[in-house]
Amino acid sequence: MTTSAELGTEGTLQIADHFAPAQSGARRRFSWTLLIAYLLLAIGGVCMVTPFFWMILTSVKPPPELVNFSFFPENPTLQNYLNVLNTSSFERWYLNSIIVALISTTSVVFFDTLVGYTLNKFDFPGKNIIFIGMLGTLMIPTEMLIIPWFTMSVNWNWHIGYTQYWGIAFPGVITAAGIFLMRQFFDGVPNELLDAARMDGMNEFGIWWRIAAPLVKPAIAALAIFNFIGNWNAYLWPLILANSREFYTLPVGLSFFRGESTTHWEKIMTAASLASIPLLIVFLVFQRQIIQGIALTGLKG
Amino acid sequence: MRLTLRQRQIIWAYIFMSVALVFFVVIRWYPTILAFNVSFRDWNVFEGTGPWVGLENYQEIWQDAGKPRSSVTAAFSNTVRYVLFGVPSQLVLALAIALLLAQIRRLSAVFRVAYFAPYVTSAVAVAFVWNWLYQPETGLINQALDLVGLPQQPFTKSPAQALPSITAVAVWQNLGFAVIIFLAGIQQIPGHYYEAARIDGANAWQLFWRITLPLLNPIIVYLTVLGTISYLRLFALVQNMSPQGTGGPLKSTTTVVLEVYREGFSSYKMGYAGALTVLLFFLILLITIIQLRFFSRRVEY
């Protein structure tokens, strides 16, 4: 978070440029270096994706095939999926994860953008103290706050019934890192543009909503995606707060398959597939934006 | 009453920040103070208070640490070992992969997706898949070892191998993030630096040590700090990869956060757990400050 100044941030939004081909022109001939590069990357790539394939392959094998080793299933079946779906509450956990991730992501996008904008474009007494007060929370590990949060949730009944959604989401509805990130990005929005809108009599909220925010859309999209993924995969806090099966999020519900007899790996792999495949599909669809977003925000942060 | 433009700006700024200010005070700073408070009390979470016991919780931790084979000592020493094994391997591997990716054009996107996919997957699902891969007899890795005539390994079943085995999974999962950040950094280095150095007769090795590495310094610092913090907070992988989720075998994999969870939310020793989180906070703070002081060198070209 402290290195941005040294990275020469241009304050513009040229995401695509980071991934412009490194060496254009000069038609390449066969080269050993290139061949070795591909070879090493391929070996590494196999190590990265094999666990996923193995997870999915195991999930479509009938139980006896787990013992007599064969890489590919001989009689692929979806029976494991039916069994797991019938004996657990996966549909409910999907719903819970979607609700929680949507609550926090919507809120983060709105407030982080608004506050980041305010800290960049407005001048007001107490600005430095507020900025430091927000940024300072980044030093506090959330693990230190879980006991106080749990106490607060119990006091205010956020751990009961449908308010559990709020209980699971509340620690992440505004993020200091996101505010800091958006503040950086609003550097790229020229003040003259905002002043012109002021001359035209637009109110400040409208200026932010209609003029400034649309100009940093790629950054907002990146912020939204990371928050969604982060909340979707959040584990420790939902594990502590959700007090009944119906309110587990996906990772929490999945974790209880650990107690599943460890001889039933096909069941555990089916559950793991059910929990991870939706987000992997989302990732594959938006991989370009996600990876560019990581690069963009990483370099900004 | 007519307000000046500046006065109106101040009012707007505070309206824009109002919700966030409440959030940071109530959900971040107040719980931070409460966390310290909890650590000095015999805290009962359901009453939301408890008698003040001064430093007793810390003394108890200190005494426990003195006992042979104590969980506390294991937790802190394991946590440091996760950092020492995990962070350097993650950084070196990620830099190597990023350097290779910077060489190639074709299939580059495919490799990026492969390396990044584990990062968007839930740690619980990742833990389960690797439990299955590490399994004795039927696990894919031991099958492969058999195939090439090597002896089977116990991996997470043995106190000696469990921690490195889990560290390897953490590296596997987090590698992609570091790769993408490194790659973006490498591609930001202006090509004419290399051209100029080549004209002066520098070889590839010198280009790397004299140009690439120094210019990546801010990114290395950023990834070191971020990586260290994430390994200091390791929880989900360990809980889901150790027998009964207790950090075994023989406490060989337990971490500070896992002990916080067990003491606070299984044994309901909230004060004790609170004191552990405060110690974790100071550990993170200390290590981060040391890293920032010793690794940040400004490089000007």
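In this predicted model, one helix pairing between the chains brings A:Trp265, A:Ile268, A:Met269, A:Ala272, A:Ala275 and A:Ser276 of H13(A) up against B:Ala125, B:Phe128, B:Val129 and B:Trp132 of H5(B); two residues meet, or are in contact, if their C-beta atoms, placed from the backbone, lie within 7 Å. Sorted by class, this contact of H13(A) with H5(B) comes out as nine nonpolar, one polar and no charged residues (nonpolar: Ala, Val, Leu, Ile, Met, Phe, Trp, Tyr, Cys and Pro; charged: Asp, Glu, Lys and Arg; polar: the others, Gly among them).

Zooming out, 82 residues of chain A are in contact with 79 residues of chain B.

Chain A itself has 14 helices and zero strands (DSSP runs, H or I of at least four residues for helices and E of at least two for strands, numbered from the N terminus). Of its 301 residues, 44% are buried, with 20 or more other C-beta atoms within 10 Å of their own.

Residues count from 1 along each chain as written, with chains lettered from A and ligands numbered from 1 in written order. Local features need pLDDT of at least 70 and side-chain atom pairs pLDDT 80 or more, while totals for chains, interfaces and linings use all residues.

Technical notes. A residue is buried if 20 or more other C-beta atoms lie within 10 Å of its own, exposed if 12 or fewer, and partly exposed in between; C-beta atoms are placed from the backbone.
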